[in-house]
Amino acid sequence: MSNTRALIDLGRLQANAAAFMAASPEGLDLMAVVKANAYGHGATACARALRDVGATAFAVATLAEAEHLRRAQIDEPILVFAPPLPDQLPAFQELSLDVSITNLDLLASISSGFPDLLRRGHIKFDTGMARVGLQPGEVGAMADILRKSGVDPKAFWTHLAFSANRPDHQTREQVAVFRSCLAECGVAAPAVHLLNTGGFLHHPELRCEYEGQSFSRIGIGLYGVAHTENAPDPPLQPVMKVVSRILQVKTVPKGAGVSYGHTWHAPTDRWIATVGAGYADGVPRLLSNRGWVGHEESGDHYPIVGNVCMDMFMIDLGPTDRVREAPTIRVGDEVVLVGDGGPDARAVAAWAETIAYEVCTGISPRVERHYVNPDVVY
Ligand SMILES: *Cc1c(COP(=O)(O)O)cnc(C)c1O
């Protein structure tokens with residue numbers, strides 16, 4: 001058993017997914033985004049749990065991630081967000097994957113060499129993210145290629161660059177560009193999609209915006225760490241909790257330096273505990289002298305003192321006189337680094353000057369994933 005564990009509550013994952021589905025208008029299905037090992041939560045277990053509550057499609061970032069899900073008998077449509085490189089097209093075909101078509105060259109080579117793949121093609125327009133996608137000026141040339149091929153693609157789609165922000169003039173602009181691209185297509189595609197979690201939560205009016213909009217692409221919201229302030233429903237619960245164990249408890253005298261570089265000195269005689277997790281587990285080094293961890297038995301919070309090391313960090317239990325009277329934490333106890341009973345992923349992200357996505361996906365493979373619902377076995 002590893003010292004540091006990620007406890008994954010698949011019941012909460014399912015409840016979050018159900019909440020998105022309940023808030024979706026008729027015809028808007030959940031394409032569950034399980035890229036990056038389901039944002040660190042375990043792609044196979046999450047995909048199976050999500051399928052059981054009605055996710056009809058999945059999305060991942062890369063071909064390798066899709067292959068992993070196919071091997072685990074996830075037979076639903078899987079969209080790979082990254083555009084395929086030319087040598088990967090046969091694998092897309094073989095694994096029956098949905099393919100992102102993001103430029104005219106790719107469209108031309110798929111329509112000439114892989115017409116079956118074009119039927120599973122999601123043609124992406126760059127409406128303002130400037131990452132991947134056809135430029136609005138290329139829609140006419142796209143329509144020509146499609147007409148010549150005689151094959152209808154599966155979807156037209158785009159991606160929002162500002163979805164969690166209000167005021168939302170950038171989103172409005174992207175939506176207007178997308179609308180005009182669709183109008184210019186002149187080609188039928190059964191599906192349209194544009195909403196990620198932020199778009200779904202913060203722009204509820206867009207859930208019904210498009211004729212033919214058939215999917216929302218929800219990632220972070222499923223894992224319950226979305227930015228939900230000022231957003232209407234659905235309510236979400238965090239799925240992951242990261243815990244680690246106390247390896248040693250000791251006293252240090254007033255003035256003693258702690259950890260590499262002695263960036264913290266004991267202001268009085270202190271009780272210091274050493275926790276068995278570090279930046280190689282995904283505890284950001286920026287939490288040095290900034291973050292805290294929770295101890296559920298006592299309900300106490302303890303600040304991280306000194307630099308976070310690769311595999312351990314120290315917490316301050318307080319002055320020796322106080323804690324000696326009421327010691328609350330012992331060797332072997334668990335402390336909560338992220339999740340219920342500790343700071344949430346968004347608090348950790350704020351300390352680490354990043355976003356909750358990076359905190360979740362940064363929980364490293366060394367951290368064992370444990371699925372905590374005895375009644376849900378995947
Ligand atoms: C990651 C991703 C999503 C999901 O985004 P969330 O903010 O996690 O909901 C949707 N669409 C694309 C293209 C993505 O890359």
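Two strands are taken as paired if DSSP finds at least two bridges between them. Helices (H or I, at least four residues) and strands (E, at least two) are DSSP runs, numbered from the N terminus. The model is predicted, with local features requiring pLDDT of at least 70 and side-chain atom pairs counted only at pLDDT 80 or more, while totals for chains, interfaces and linings use all residues. Residues are numbered from 1 along each chain as its sequence is written, and side-chain values use heavy atoms, with hydrogens and water left out.

**View 1. Strands E5 and E6 within the barrel.** Strand E5 (residues 98-101) and strand E6 (residues 121-124) run parallel and are joined by three bridges. Val99 stands opposite Gly121 in E6. The barrel itself is closed by eight strands in the order E2-E3-E4-E5-E6-E7-E8-E9, with parallel pairing. Neighbouring strands of this sheet are turned by 30° against each other on average, direction ignored; axes are lines fitted to C-alpha atoms, for helices over the stretch in contact, and angles run from 0 to 180 degrees between N-to-C directions.

**View 2. Helices on the sheet.** Helix H6 (residues 104-113) lies across E5 and E6 and runs at about 140° to E5. Helix H9 (residues 169-185) packs on the sheet, where it touches strand E7 (155-157) and strand E8 (191-195), contact being heavy atoms within 4.5 Å. The direction of H9 makes about 170° with that of E8.

**View 3. The largest nonpolar core.** A nonpolar core is a set of buried (under 20% relative accessible area, 1.4 Å probe, protein chains only) Ala, Val, Leu, Ile, Met, Phe, Trp, Tyr and Cys residues joined through side-chain atoms within 4.5 Å. The largest has 109 residues, and Phe125, Met142, Leu222, Phe313, Ile315 and Leu337 have the most contacts inside it. Helix H3 (residues 43-52) gives the most to this core, with six residues. Residues touched by Met142 include Leu104, Ile123, Phe125 and Phe156, not counting residues up to four places away in sequence.

View 4. Of the 14 residues around the ligand (a heavy atom within 4 Å), Lys35, Tyr39, Thr197, Ile220 and Tyr357 come nearest. Polar contacts are pairs of N or O atoms within 3.5 Å. A ligand oxygen atom lies 2.8 Å from a backbone N or O atom of Ile220, and an oxygen atom of the ligand is 2.9 Å from a polar backbone atom of Gly219. For Arg131, a polar side-chain atom lies 3.3 Å from an oxygen atom of the ligand.

Definitions and conventions. Buried < 20%, exposed > 50% of the residue type's maximum accessible area, 1.4 Å probe, protein only. Polar contact = N/O pair within 3.5 Å; in protein donor to acceptor, adjacent residues only side chain to side chain.
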